[in-house]
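This report looks at how the parts of one model pack together. The sequence and structure come first.

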Amino acid sequence: MITGRQVRAAPALLNWTQEMLAEKALVALTALKRLESERGLGVHEGTTDQVRRALEAAGILFIESGQGRGVMFLHETSGTETRQGRVRRVRSPT
């Protein structure tokens, strides 16, 4: 199960706003905010799954180990959408 902290951290790696994540995951913005909450507000399991799948499709890996939980950005696609909705071309390291 992913945590609210992981859900808040992952879009930051992608330079996505809450609105962008909610749109890509096909969930209501209020449901996303509940999922991200530190207070442990309940959300439907389907909401959590849709958010997780949207982030994983964008290259996010959710990590859980004996030392804690986190997120990692595995790869960049040929373009990364910015907050303004434009695509920024990203060069791969050589």
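## Helix packing

The axes of helix α2 (residues 18-25) and helix α4 (residues 45-57) come within 8 Å and cross at roughly 100°. α2 is therefore roughly perpendicular to α4 (the class for 65 to 115 degrees). Axes here are lines fitted to C-alpha atoms, for helices over the stretch in contact, with angles from 0 to 180 degrees between N-to-C directions.

L21, K24 and A25 of α2 make the contact with Q50, V51, A54 and L55 of α4 (contact: heavy atoms within 4.5 Å). By type, the residues of this contact are five nonpolar, one polar and one charged.

## Basis of the model

The model is predicted: local features need pLDDT of at least 70, side-chain atom pairs count only at pLDDT 80 or more, and totals for chains, interfaces and linings use all residues. Residues are numbered from 1 along each chain as its sequence is written, and side-chain values use heavy atoms, leaving out hydrogens and water.

## Rings

K24 also lies over the face of W16, at 5.1 Å from the ring centre. The criterion is NZ of Lys or CZ of Arg within 6 Å of the ring centre and within 35 degrees of the ring normal.

## Chain overview

The protein chain has four helices and four strands, in the order α-α-α-α-β-β-β-β along the sequence. These are DSSP runs, numbered from the N terminus: helices are H or I, at least four residues, and strands are E, at least two.

Of the 94 residues in the protein chain, 34% are buried (under 20% relative accessible area, 1.4 Å probe, protein chains only).

Notes:
Parallel < 35°, antiparallel > 145°, perpendicular 65-115°, else oblique. Nonpolar A, V, L, I, M, F, W, Y, C, P; charged D, E, K, R; others polar. Buried < 20%, exposed > 50% of the residue type's maximum accessible area, 1.4 Å probe, protein only.
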